[in-house]
Amino acid sequence: MSGVIKYFADILHGIKTLWGGMRITGKYFLSPKEIVTQQYPEIRHKQKIVYDRFKGEVIMPHDENNQHNCTGCGVCEMYCPNGSIEIITKKIPGENGKMIKVIDKHIYHLSMCTFCGLCIKVCPTQALAWGQNFEHAVYDRSKLTKVLNKPGSSYKGLNKKKEAKS
Amino acid sequence: MDTKLKNYIVKENGDIILNMGPQHPSTHGVLRLEVVLKGETVKQVVPHIGYIHRGIEKMCEYDTYKQIIHLTDRMDYLSAHMNNEAVCLLVENALGIEVPERVKYIRVVLDELTRIASHQLWWSAYGMDLGALTAFFYGMRDRERILDIFEESFGSRLLHSFNTPGGLMHDVHPNFQKHTMEFVKYFRKKLPEYHQLLTDNVIFRNRTQGIGVMSKETAIAYGVTGPSGRGSGYSCDVRKIAPYGVYDQLEFEEIIYDEGDSFARYMVRMKEIEQSLNIIEQAVDKITDGPYTAKVKPIIKLPEGEYYQRVETARGELGVYVVSDGKKFPYRMHFRSPNFNNLFVLNTIAKGHLIADLVAISGSLDLVIPDIDR
Ligand code: SF4
Ligand code: SF4
């Protein structure tokens, strides 16, 4: 007899606990204010999806005169744990005929970057920063290798040096 | 008959050898379990590891101590912050660097936020393993809030190489304290839902209670630590037995359950979430103004010798062992990862259970495969 009672008590208990869970889902089903799902590709242009500090990629900010802060010192290349950065420098004639070393190409391999942030932290002139772009899908792997300094750009400090001298 | 096409082998004595993984949704990673079955009963489980071995320990020998930090993220990715902290503490203790008070409290808050996020993800995935898909969405919904706090402060959500020997990479966001407190308040309200959805569910209880019982002796013999060990009554919380950071100045309980079954391990994690919330509440108020890093030389060189540091990650005790020969790279680096030990107890505790329970047992150990292989 007690077995039968236990059998039905178990069923009742089961229904009760299931009801407890269903109540929660029911509550959210009926309260549209609690919806947290975002329709991703649609909201992309309407609102900001990532925070300002988001580590999307390493970029080199340029000002309106197409000038950047990179001296080509190569510290970031040395610190990068994966070899994602290659610095190629060139020599250009400076003021009084002396050759000075400037950055030619700051090559950044996005595909090898682990977003550790060391390059940005160690750069003595704060030439690098985080970009917020996170949609990195491309059709070819070679497109993930970028040259960070824009063509025709120059080091900001170079003019200052010249101005100071003249 | 072409036996090659079959994905299992039948031995002469009737035993079936079945491969679970390496691509199996409930091993949560590339882990292959070779299961010897008698009918539906598990006779033996042989874990095969190495599918995601990246040689992190070897890579460390060619990296400076600052560069090593980002590699430790990628071991136990769900406790990335604690892994970072282990290496940082080791370097700081070896060189006698005094870390600012502010950093210590921020680290504790981040530790506990990471622990909660990790347990939430585990809770969601464990529910899913056992067929309760609803749980997954609720866990992920609340985890998102923690990830938002992370993203606001350090720009990354999972692998935030935010620690550096001597302090932090940069300062936390000005809103960090406010948003953390908001999360604690929010999550305290939501936590009872977790219990209603899963803990009290009769199907869930029947599938976990009395399943995969691990005795205290087994836990100690295999070196099972973390919530899995504490579910068997083994007091192994590094935060209590060998406090690091400011854990000795904070009040919290070490959760211990004596049953040793899957449900006990589940309950330890659920109670740990509450304790973590308590710790965060205490620590957030104590974050004072100050520098976010101590003064450290650009090139760190540890004096010759051996060093060891252990921390409590979300899965157990992580030990970092370094042999230094005085150069800027470590001579040898070894990680004692909690998941490695937690995995190999599986054979002992799963023996005699049904194959369906194997998922419940391996899930309750909360394995993260990249941490096993390193
Ligand atoms: S980005 Fe900074 S660290 Fe790198 S080469 Fe340029 S100035 Fe040097
Ligand atoms: S973020 Fe790290 S991995 Fe990426 S380029 Fe900079 S130093 Fe290299």
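This is a predicted model: local features need pLDDT of at least 70, side-chain atom pairs count only at pLDDT 80 or more; totals for chains, interfaces and linings use all residues.
Ligand 1 is surrounded by 14 residues, and the closest are Cys70(A), Cys73(A), Gly74(A), Cys76(A) and Cys123(A). By class, this shell comprises nine nonpolar residues and five polar ones, with no charged residue. The space that ligand 1 takes up is the largest cavity. Around ligand 2 there are 13 residues, of which Cys80(A), Asn82(A), Cys113(A), Cys116(A) and Cys119(A) come nearest. Here the shell divides into nine nonpolar and four polar residues, again with no charged residue.

Elsewhere in chain A, strand β3 (residues 85–93) contains Pro93(A). Pro93(A) counts as exposed because its relative accessibility is 58%, above the cut-off of 50%. Between the C-alpha atoms of Pro93(A) and Glu57(A) there is a separation of 33 Å, the two residues being 36 apart along the chain.

Turning to chain B, a series of paired strands can be followed from strand β1. Strand β1 (residues 8–10) of chain B pairs with strand β2 (residues 16–20) of chain B in the antiparallel sense, over three bridges. In this pairing Val10(B) stands opposite Ile16(B) of β2(B). The hairpin made by β1(B) and β2(B) has five residues between the strands, and Gly14(B) takes a positive phi near 90° in it. β2(B) also pairs with strand β3 (residues 32–38) of chain B, antiparallel and over five bridges. There, Asn19(B) is found opposite Glu34(B) in β3(B).

Strand β8 (residues 316–324) of chain B is mostly covered, with eight of its nine residues buried. Nine bridges join β8(B) to strand β7 (residues 305–313) of chain B, and the two run antiparallel. Two residues lie between β7(B) and β8(B) in the hairpin that they form. Val320(B) stands opposite Phe335(B) in β9(B). As a reminder for reading such strands on screen, side chains in a regular strand alternate between the two faces of the sheet.

Helix α2 (residues 65–72) of chain B is mostly covered too, and eight of its eight residues are buried. Among them are Tyr65(B), Ile68(B), Ile69(B) and Leu71(B), along with Lys66(B) and His70(B).

Over all chains, a search of the whole structure finds 20 aromatic pairs. One is formed by Phe187(B) and Tyr194(B), whose rings are edge-to-face at 5.5 Å centre to centre, with 80° between the planes. Phe187(B) counts as buried because its relative accessibility is 0%, and Tyr194(B) is likewise buried, with a relative accessible area of 1%. Tyr247(B) and Phe252(B) form another edge-to-face pair, with 5.9 Å centre to centre and 65° between the planes. Both Tyr247(B) and Phe252(B) are buried. Finally, Trp122(B), Tyr126(B), Phe204(B), Phe263(B) and Tyr266(B) form one aromatic cluster.

Conventions:
Residues are numbered from 1 along each chain as its sequence is written. Chains are lettered from A and ligands numbered from 1 in the order in which they are written. Side-chain values use heavy atoms; hydrogens and water are left out. A residue is near a molecule or strand if one of its heavy atoms lies within 4 Å of it. On a 1 Å grid over the protein atoms alone, a cavity is a set of points where a 1.4 Å probe fits but cannot get out, and a pocket is an open set with protein on both sides within 12 Å along at least five of seven lines; lining residues have an atom within 4 Å of a point. A molecule sits in a cavity or pocket if more than half of its atoms lie within 2 Å of its grid points. Ala, Val, Leu, Ile, Met, Phe, Trp, Tyr, Cys and Pro count as nonpolar, Asp, Glu, Lys and Arg as charged, and the others, Gly among them, as polar. Two strands pair if DSSP finds at least two bridges between them. Helices (H or I, at least four residues) and strands (E, at least two) are DSSP runs, numbered from the N terminus. Rings of Phe, Tyr and Trp (its six-membered ring) pair if their centres lie within 6.5 Å; planes under 30 degrees apart count as stacked, over 60 as edge-to-face and the rest as tilted. Buried means under 20% relative accessible area, exposed over 50%, partly exposed in between (1.4 Å probe, protein chains only).
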